[in-house]
Amino acid sequence: MTGKEPELSSYPASLPHIGVKICGVRDLEALQVAAQAGADWIGLVFFSRSPRYLTPTQAAALVSSYKGSLPRLTGLFVKASDETIQTALDEIDLDILQIYDTPERAQAIRQRFGKPVWLSCAVHTADDLPADAEFDGYVIEPRAPKNAANPGGNGVALNWSILRHWRPTVPWMLAGGLTPENVGPAILQSGAPAVDVSSGVETRPGEKSAELIRNFVKNARSAGHGPCATIRN
Ligand SMILES: O=C(O)c1ccccc1NCC(=O)[C@H](O)[C@H](O)COP(=O)(O)O
C-alpha cells in the first residue's frame, strides 16, 4: 500500500473505560487471558533482540490459534525498514503499528502503509513530551536505561506527575514499569486514558502470568472510576 491515509480510529478516545494494552504476548494462554480479561490491545514485538520477539509467521500462527474475539493487534517495530514492516503485514493483519523511530520516519511509515501509527516517545522530563503531530496515538515511555538492549519493556517507570497537566490533542497511553500494584496510582497521578504493560505482568522476561494479567486489567479498570480518569475520558 502506498500513500494512503489510515482509515481506522485506532485509539481509545471513545472508550468508555481506561484502555489497556498487554504488550509482548507470545503464547496462547497469555493471549486468551488478555482477551478474556478485556484488554483492548495486545502488542506483538517484531524486534529480534527482544525476549518477547515473535517472527511474523509465529505471530500469525498464534493469533489464528485463538478462536475468540481478539483485541486489536499492535505490532512493535524498532528502527524497522519498510521491508521488515511489509513482511510482517504480509503475514498478519495488524491494526496498529507502534513505531520506535524518529517522528519523521514514523510519519513516512504511516503514509507508506496506510495503517494507524502510534509513536513511542522516550520521556524523562516534561520537556520531552511530544508536540502535537499527525499520529494516531502516542505511547509515553521512560527513556531506556543506558545499558538496555531494548528501547521498551525494561520495567522502568516514569515520574507520572509530569503528565498530569499535559493535554495533547492526540490520544496517548502510559507505559513503563507498570504493575498490578501501581497501575491505579499511575493512572490517577498521570491522568492517562490508557496504560500499556509488559514486564509487570511477567514472571521472567517473555513469560506472561495469567494471574498478573487479570489483576492488571482489573486494577486499571477500577482506577478508571476515579475522578481524574473520568475527566480524561
Ligand atoms: O518488550 C520489549 O522487549 C520491547 C522491545 C523493543 C521495543 C519495545 C518493547 N516493549 C515495549 C513495551 O512493552 C511497552 O510499550 C512498554 O515499554 C512497557 O514495558 P514494561 O516497562 O516492561 O511494562
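**View 1. Strand 7 and strand 8 side by side in the predicted model.** Strand 7 (residues 172–175) and strand 8 run parallel to one another and are paired through 2 bridges, in a model that is predicted. Within this pairing, Leu-174 has Val-195 of strand 8 as its bridge partner, and Ala-175 is partnered in strand 8 by Asp-196. From strand 7, Trp-172 and Leu-174 point one way, whereas Met-173 and Ala-175 point the other way, and all are buried. Strand 8 shows an arrangement of its own, with Ala-194 and Asp-196 pointing one way and Val-195 and Val-197 the other way, and these residues are all buried as well. In a regular strand, side chains alternate between the two faces of the sheet.

View 2. Together, strand 7, helix 5 (residues 183–190) and strand 8 form a β-α-β unit that is right-handed. Which residues of helix 5 are buried? They include Val-183, Ala-186, Ile-187 and Ser-190. These residues lie on the same side of helix 5, because they cover an arc of only 95 degrees around the axis. Just after helix 5 comes Gly-191, which takes a positive phi of about 75 degrees.

View 3. Strand 8, for its part, pairs with strand 1 (residues 19–22) in the parallel sense, over 4 bridges. In that pairing Ile-22 stands opposite Val-197 of strand 8, a residue that is buried.

View 4. How many strands close into the barrel, and in what order? There are 8 strands, which follow the order 1-2-3-4-5-6-7-8 and pair in the parallel sense. On average, and with direction ignored, neighbouring strands of this sheet are turned by 25 degrees against each other.

**View 5. The shell around the ligand.** Of the 28 residues around the ligand, those that come nearest are Cys-23, Gly-152, Gly-153, Ser-198 and Ser-199. Two or more residues of the shell are given by each of strand 2 (41–45), strand 3 (72–78), strand 6 (137–142) and strand 8 (194–197).

**View 6. The loop between helix 2 and strand 3.** Tyr-66 is placed in the loop that lies between helix 2 (56–65) and strand 3. Is Tyr-66 buried, exposed or partly exposed? Because 15 other C-beta atoms lie within 10 Å, Tyr-66 is partly exposed. The C-alpha atom of Tyr-66 is separated by 7.6 Å from that of Leu-31, although the two residues are 35 residues apart along the chain. Gly-68 has its place in the loop between helix 2 and strand 3 as well, and counts as exposed because it has 9 C-beta neighbours inside 10 Å. Between the C-alpha atoms of Gly-68 and Ser-190, which are 122 residues apart along the chain, the separation is 33 Å. Pro-71 also lies in the loop between helix 2 and strand 3, but Pro-71 is buried, because 22 other C-beta atoms lie within 10 Å. A separation of 5.9 Å lies between the C-alpha atoms of Pro-71 and Ala-35, which are 36 residues apart along the chain.

View 7. Lys-79 is found in the loop between strand 3 and helix 3 (82–91). Most residues other than glycine have a negative phi. Lys-79 counts as exposed, because it has 12 C-beta neighbours inside 10 Å.

Conventions: Residues numbered from 1 in each chain as written. Predicted model: local features only at pLDDT ≥ 70, side-chain atom pairs only at ≥ 80, totals over all residues. Pairing = 2+ DSSP bridges. Axes fitted to C-alpha atoms, helices over the stretch in contact; angles between N-to-C directions. Near = placed C-beta within 6 Å. Buried ≥ 20, exposed ≤ 12 C-beta atoms within 10 Å, placed from the backbone. Right-handed = clockwise from strand over helix to strand, strands pointing away. Arc of directions from axis to C-beta.
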